[in-house]
Amino acid sequence: MVDACYAQPLTVDDLARAAGLSRAHFSREFRRVFGESPHAYLLTRRLERAAALLRATDRPVVEICFAVGLRSVGSFTTSFTRAYGVTPTAYRASFPPASHYALIPSCVLRAHGRPQHRTFREDDGTSRS
Amino acid sequence: MVKISFAGVWVHDQDEALAFYTEKLGWELRADVTLPELGGYRWLTVGPPDQPDVSLLLNAIPEPPVIDAATSDQIRSLMAKGWAGNVLLTTDDAQASYEELTARGIEFTESPEERPYGIDCAFRDPSGNQFRLTQVSEAAVA
């Protein structure tokens, strides 16, 4: 559920309810099985997604924060910096631009790289013959 | 081993398509990059969260000078008729997926039905691309 729904404003209460357990019991059992609290797991999952989006998209940091289900840019920046050692902006800057990673095939590059302004007379049907 | 990494569909509006695939179908955004040097070409990919090595490319229909206007029109015409492409999806439980996706606003063109190979249903994305969602029977997999 966390993996599928991290982008929604999920809380630990929602997870406990879905599991049919009280919040305290759910948190205790979750920690026993997975080694970390459900809150920490959810946050980690969101930060991993945010890191992937910082690398693979050119979207603003604010948009990425909301896209992974977090509501406050301030606490996103703080948590991200704690997890990755750098701010989201610095993290992005440490990688080549997302366009370097995009596996855009050469046929697309050729087609879309064609000159946008054509000046050949034959294109407008006014060639002098 | 040769594997599938990306497959593409044409879409009328990339933002509308992205909202459909992420908010209704429940997939995740993989890459979203706009390249000014390619006339604003936008590389936009999505995929199922638990299938990280396969992505669907949501391609805007190219216009001149990338391709000629007649070809752009042909693509739009095929999309309108539902013949511009097919994507086949699988699920563990066709009825449950059908109900969940219907609740999220996906309009199905076929409700779940028993077939020799399993139970399947079908829907179209906002651009008219046909998707078949199948719960493959164990006999068909073996």
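Figure 1. The model shown here and in the following views is a predicted one. Because B:Glu28 belongs to strand 2 (residues 28–35) of chain B and A:Arg49 to helix 4 of chain A, the pair joins two chains. A:Arg49 is likewise buried, with a relative accessible area of 9%. Leaving aside residues up to four places away in sequence, A:Arg49 touches A:Tyr6, A:Val68, B:Glu28 and B:Leu29.

**Figure 2. The interface of chain A and chain B.** Chain A contributes 23 residues to the contact and chain B contributes 19 residues. The area buried between the two chains is about 1,900 Å², and carbon and sulfur atoms give 61% of this area. On the side of chain A, the residues that lose the most area to chain B are A:Asp58, A:Arg59 and A:His112, which together account for 27% of what that side buries. Across the interface there are 2 salt bridges. A:Arg59 takes part in a salt bridge with B:Asp32, in which the closest N and O atoms are 2.9 Å apart.

**Figure 3. The salt bridge of B:Asp15 and B:Arg42, and its network.** The side chains of B:Asp15 and B:Arg42 meet at 3.0 Å, N to O. This pair links distant parts of the chain, 27 residues apart: B:Asp15 is in helix 1 (residues 14–24) of chain B, and B:Arg42 is in strand 3 (residues 41–47) of chain B. B:Arg42 is buried, at 16% relative accessibility. Through shared partners, salt bridges join A:Arg59, A:Glu63, B:Asp15, B:Asp32 and B:Arg42 into one network.

Figure 4. A:Asp14 and A:Arg17 form a salt bridge with an N to O distance of 3.3 Å. A:Asp14 is partly exposed, at 24% relative accessibility, whereas A:Arg17 is exposed, at 60%. Over all chains the count of salt bridges comes to 17.

**Figure 5. Aromatic rings around B:Phe123 and B:Phe131.** The count over all chains is 16 aromatic pairs. In one pair, the ring centres of B:Phe123 and B:Phe131 are 5.2 Å apart and the planes lie at 0°, so the rings are stacked. B:Phe123 is buried, with a relative accessible area of 0%, and B:Phe131 is buried at 1%. Both residues belong to one aromatic cluster, together with B:Phe20, B:Tyr21, B:Trp27, B:Tyr98 and B:Phe108. In chain A, the charged end of A:Arg55 sits over the ring of A:Phe95, 5.9 Å from the ring centre.

**Figure 6. The nonpolar cores and the surroundings of B:Leu58.** The largest nonpolar core has 35 residues, among which A:Phe76, B:Tyr21, B:Leu56, B:Leu58 and B:Phe123 touch the most other members. Helix 4 (residues 38–56) of chain A supplies the largest share of this core, 5 residues. A second, separate core of 12 residues includes A:Ala98, A:Val108, B:Leu35 and B:Leu38. Not counting residues up to four places away in sequence, the contacts of B:Leu58 include B:Val9, B:Val11, B:Gln14, B:Tyr21 and B:Val46.

Note on methods. Residues numbered from 1 in each chain as written. Chains lettered and ligands numbered in written order. Predicted model: local features only at pLDDT ≥ 70, side-chain atom pairs only at ≥ 80, totals over all residues. Heavy atoms only, no water. Phe/Tyr/Trp six-rings, centres within 6.5 Å; stacked < 30°, edge-to-face > 60°. Buried < 20%, exposed > 50% of the residue type's maximum accessible area, 1.4 Å probe, protein only. Lys NZ or Arg CZ within 6 Å of the ring centre and 35° of its normal. Core = buried A, V, L, I, M, F, W, Y, C linked by side-chain atoms within 4.5 Å. Helix = DSSP H or I, 4+ residues; strand = E, 2+ residues; numbered from the N terminus. Contact = heavy atoms within 4.5 Å. Buried area = accessible area lost by both parts, 1.4 Å probe. Salt bridge = Lys/Arg side-chain N within 4 Å of Asp/Glu carboxyl O.
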